[in-house]
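Dear colleague,

My notes on what was found in it follow.

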Amino acid sequence: MAKDAPPRWDRRMQQRLVRGEAAALGELYDRFASLVHSQAHRMLDDEDAADLVTREVFAQIWENPEAYDPRQGSMRSWVARLTHHHAVQRLRRAATASYAEEHSEGGAPDPEELERRVRSATSAARADFIVSSMPASLRQALELAYIQRRDYRQAAADLGVTEDEARRRLRLGLQLLSTAGTRPLDGPPPPGPGRAR
């Protein structure tokens, strides 16, 4: 298989969606709905808004599956980028509506404050995405160290690995998490709906 070729599941899923197989959308939903909802909730801090973003993302996938470009990454990454785009749009609309409500004379919210909120929400969502995507061994080490407050010796004992291995896992996990604030979650905005079923 060529290095740039997408995983077989991703390629097959896109083909099924392009053919309009409703079962494919259900399978995709089962696989990624929790990722989409948790990422949207993390960015928006609103359960109802996260539900709406989840519906919007899967509606866009259904209406425009050919927008997925396997050369740009996995389907999981594409779904995360769509989620990020929809959540940012909702965050901006909410900030504009809130500003308009508070300032009846018109105008727009402070663009710097809005961008700060978007960057903060994006970094938090990216951190969640990184943690959910990292190998289980790294995630377990981080959970022991930062949630259960174990030092690397206790983590090593709990994981059944050497202390050096526990330190290595923690270091790698933290290196991955450190990219949350520096790498954008998405590139250019995804195209809007292109077809109706």
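Which side chains meet in a salt bridge with 2.5 Å from N to O? They are those of Arg-150 and Asp-158. Please keep in mind throughout that this is a predicted model. Arg-150 has a relative accessible area of 31%, and Asp-158 has one of 44%. Both values lie between 20% and 50%, so each residue counts as partly exposed.

Salt bridges

The structure holds 10 salt bridges in total. Side chains of opposite charge can pair when their charged atoms come close. Arg-16 counts as buried because its relative accessibility is 18%, under the cut-off of 20%, whereas Glu-21, at 27%, is partly exposed. These two residues also belong to a network of salt bridges that links Arg-16, Arg-19, Glu-21 and Glu-27.

A further bridge joins Glu-165 to Arg-169, again with 2.9 Å between the closest N and O atoms. The two residues are four places apart in helix α8, so about one helical turn separates them. Arg-169 has a relative accessibility of 13% and therefore counts as buried.

Nonpolar cores

The largest nonpolar core has 31 residues, and Leu-28, Ile-61, Met-75 and Val-79 touch the most other members. Helices α1, α2, α3, α4 and α5 each supply at least two residues of this core, and the largest share, nine residues, comes from α2. Apart from this core lies another one of seven residues, including Ile-130, Leu-138, Leu-142 and Ala-145. In soluble globular proteins, nonpolar side chains tend to be buried together.

Leaving aside residues up to four places away in sequence, Met-75 touches Trp-9, Asp-10, Met-13, Gln-14, Leu-28, Phe-32 and Tyr-68.

In helix α6, residues 136-147, the buried residues are Leu-138, Ala-141, Leu-142, Leu-144 and Ala-145. They lie on the same side of α6, because they cover an arc of only 160° around the axis. Helices α7 and α8 are among the elements that cover these buried residues. After α6 comes Arg-149, which has a positive phi near 60°.

On the surface, Tyr-146, Ile-147 and Leu-174 form a nonpolar patch with about 320 Å² of accessible area together. Leu-174 is located in helix α8 and, with a relative accessibility of 35%, counts as partly exposed.

Yours sincerely,
A colleague

Methods:
Residues numbered from 1 in each chain as written. Predicted model: local features only at pLDDT ≥ 70, side-chain atom pairs only at ≥ 80, totals over all residues. Heavy atoms only, no water. Core = buried A, V, L, I, M, F, W, Y, C linked by side-chain atoms within 4.5 Å. Buried < 20%, exposed > 50% of the residue type's maximum accessible area, 1.4 Å probe, protein only. Contact = heavy atoms within 4.5 Å. Patch = residues over 30% accessible without salt bridge, like charges linked within 9 Å, V, L, I, M, F, W, Y side chains within 5 Å. Areas by Shrake-Rupley, 256 points an atom, 1.4 Å probe, with all protein chains shown as cover. Salt bridge = Lys/Arg side-chain N within 4 Å of Asp/Glu carboxyl O. Arc of directions from axis to C-beta.
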